[in-house]
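Trainee: I'd like to walk through a structure with you. Can we start with the terms?

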Amino acid sequence: MDSVTRQDQLRYLSQQSKVSVLIIGAGINGIAAFRDLALQRVDVLMVDKGDFCSGTSSASSHMIHGGIRYLENGELRLVREAVQERNRLLQLAPHYVKPLPTMIPIFNWQSGIWKSAAKFLGLSGLLSFPADLRLAQSGGKGHQRGGVMVKLGLMLYELWNSPPIVTTARMPNHRFQLRASSLKQFPELSPDIVATAIYYDAVVLSPERLAVELVIETERMSQNATAINYLSVVGMADSSSTVILHDEVSGQQFQIQPELVINATGPWIDLTNRKLNQPTDFIGGSKGSHLVLDHPQLRVATGEHAIFFENDDGRVVLLLPYFDYVIVGTTDIRVDQPEVYCTQEEITYLLEMIGRVFPHIEVKPSQILYTFSGVRPLPTDSSKQSTGQISRDHQNKIVEQTEYSFPIFNLVGGKWTTFRAFAEQVTNQALKFLGQRRCCDTRDLVIGGGQDYPFTDWEHWIATVAENYQVDPKIVKKLFDRYGTVAKAVIKHMSEPLLSRPSQWGKSELNDLDPVDQTKPLSNAADYYVGEVRFIAEQEKVVFVEDFIRRRSNLAMLGQDTPQLRAELTEIMADLLSP
Ligand SMILES: Cc1cc2nc3c(=O)[nH]c(=O)nc-3n(C[C@H](O)[C@H](O)[C@H](O)COP(=O)(O)OP(=O)(O)OC[C@H]3O[C@@H](n4cnc5c(N)ncnc54)[C@H](O)[C@@H]3O)c2cc1C
């Protein structure tokens, strides 16, 4: 399958002066709008100053969830939409989005009732109890919700759990376990608990892959859709309707006149609008950090459950099983700039939180494999006491068209979970502006490797592919877990020996084999294969080796990003990189 290179796209761009829609920012919100608009046959150009999905969208808690916590803020619309989108994604992207049993440890039965009711009714400011009364009310456990509140919340949450018409996925309902059976199932759990609640949400272990798959698939489906990474919007040309784009790789500049701009730059939205000569104050960012821990005891203690609880000041803490490791997150800190990193203070806080539920598990700093941080692109809202109370819902804030310039749609907020629904709403508004009609619906559109997904007979699928291509079934299984049914294309590619060796493969160990066996595992990441790396580099718009390590694979999060691996990957993919 020949793919269009980044160079081809830049050459094409240099010959273009106009486009219907320019999307700035290829995080999940920009990508979802790109996909929906392209499906409506709108000509659309999407650019990102970095790689696809390298901003906030690469720093989430990996949950595809309804957001049970938002019920308390009265965000019923958002929760309903998110639960339905979660169920949709389980069906439409089953290769990436998986059901996730989630456990809430409960330390008492009654706390939080008044506080939650006040928040739900928007009266939390009025009901500000003195600190001592607050503690007494919550049984000395600060803001933790008691069993009664958790039960009510889960019942409400599950009201919307019926599957949307297009899907058949329905998550099991919640259940409560009393102390004895909870401690039997989770022996390391704090003996202070009175019960645990188990409910179902979903997880996406490779969100960046899902995002990139949407980009690639959209370009394949539409002649009018172009997505280019490492291409920044840097300003406006003299003519007030012409945007200047800067190639971060070559330094070359391009100009384009859009009819409509979608500013999907997340926490950079206001900075981008300044570049477009339309200053705004839409974003009040909140930073969140996570740690990936290599801690076998903690991994066994969590089992296959995410563990979700609140600390004393109401902030949510999440422990999430991630392959052989555990992710712990997250912080929630107001920030006024989009580039952030995980501080020592956050590390200390997150490690301390683990002790709240697993008092006998000690985590040493040396067990931190990886850290990641991002900024939630929340709306500015100084009326709220804490960042946790600011709405997590999405909105399209429109900067109206002037006599000289295009309108700007600004995609503020939004969850990973709701990307499709948000894009649908934005696309409808864009179509109205462009005077076009919707011709295609995304509600039942399967994503990439979810196509023809063998939900129940996957073992048969694996055996058939292994036999057809004469590849070890263990390799097929690994690639199926990684790419869903796209694994077949990867395996087809791998099963063809490389007859002419790329010129950069000088005197190296790869040279020992003649012709090159593409099913050979990498020396520095034995779970990956030479042909697989070359397939991804060729098909998935990889510009730098880092793109592969951080976003086309989970290698960085799994702590495998070493100089040796980078050197090996450079050698394998150098002739395919797309600068
Ligand atoms: C800590 C944390 C945990 C979260 N957990 C979850 C979760 O578990 N589940 C969930 O559903 N949601 C979660 N979210 C929310 C979700 O991740 C975000 O709302 C979503 O990813 C925002 O995506 P975006 O596309 O708007 O922004 P981004 O992903 O930040 O994309 C913006 C893009 O714009 C680009 N850009 C910036 N300036 C320019 C320019 N001048 N030119 C070109 N490109 C530019 C950037 O490079 C970036 O790629 C979490 C968020 C955070 C921070």
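Mentor: Ala, Val, Leu, Ile, Met, Phe, Trp, Tyr, Cys and Pro count as nonpolar, Asp, Glu, Lys and Arg as charged, and the others, Gly among them, as polar. This is a predicted model, where local features need pLDDT of at least 70, side-chain atom pairs count only at pLDDT 80 or more, and totals for chains, interfaces and linings use all residues. Residues are numbered from 1 along each chain as its sequence is written, and side-chain values use heavy atoms, without hydrogens and water.

Trainee: How many cavities of 30 Å³ or more does the structure hold?

Mentor: Three. A cavity is a set of points on a 1 Å grid over the protein atoms alone, where a 1.4 Å probe fits but cannot get out.

Trainee: Which residues line the largest cavity?

Mentor: Lining residues have an atom within 4 Å of a point. Among them are Arg35, Glu85, Arg88, Thr417 and Phe419. The lining divides into five nonpolar, two polar and four charged residues.

Trainee: Which element gives the largest share?

Mentor: H3, with four residues. Helices are DSSP runs (H or I, at least four residues), numbered from the N terminus.

Trainee: New topic. At what angle do H13 and H14 cross?

Mentor: Roughly 125 degrees, and the axes of H13 (residues 458-469) and H14 (residues 473-483) come within 9 Å. Axes are lines fitted to C-alpha atoms over the stretch in contact, and angles run from 0 to 180 degrees between N-to-C directions.

Trainee: What do we call that orientation?

Mentor: H13 and H14 are therefore oblique to each other. Angles under 35 degrees count as roughly parallel, over 145 as roughly antiparallel, 65 to 115 as roughly perpendicular and the rest as oblique.

Key: Helix = DSSP H or I, 4+ residues; strand = E, 2+ residues; numbered from the N terminus. 1 Å grid on protein atoms, 1.4 Å probe; cavity = no way out; pocket = protein on both sides within 12 Å on 5 of 7 lines; lining within 4 Å. Points joined across faces, edges and corners; volume = space filled by probe spheres on them.
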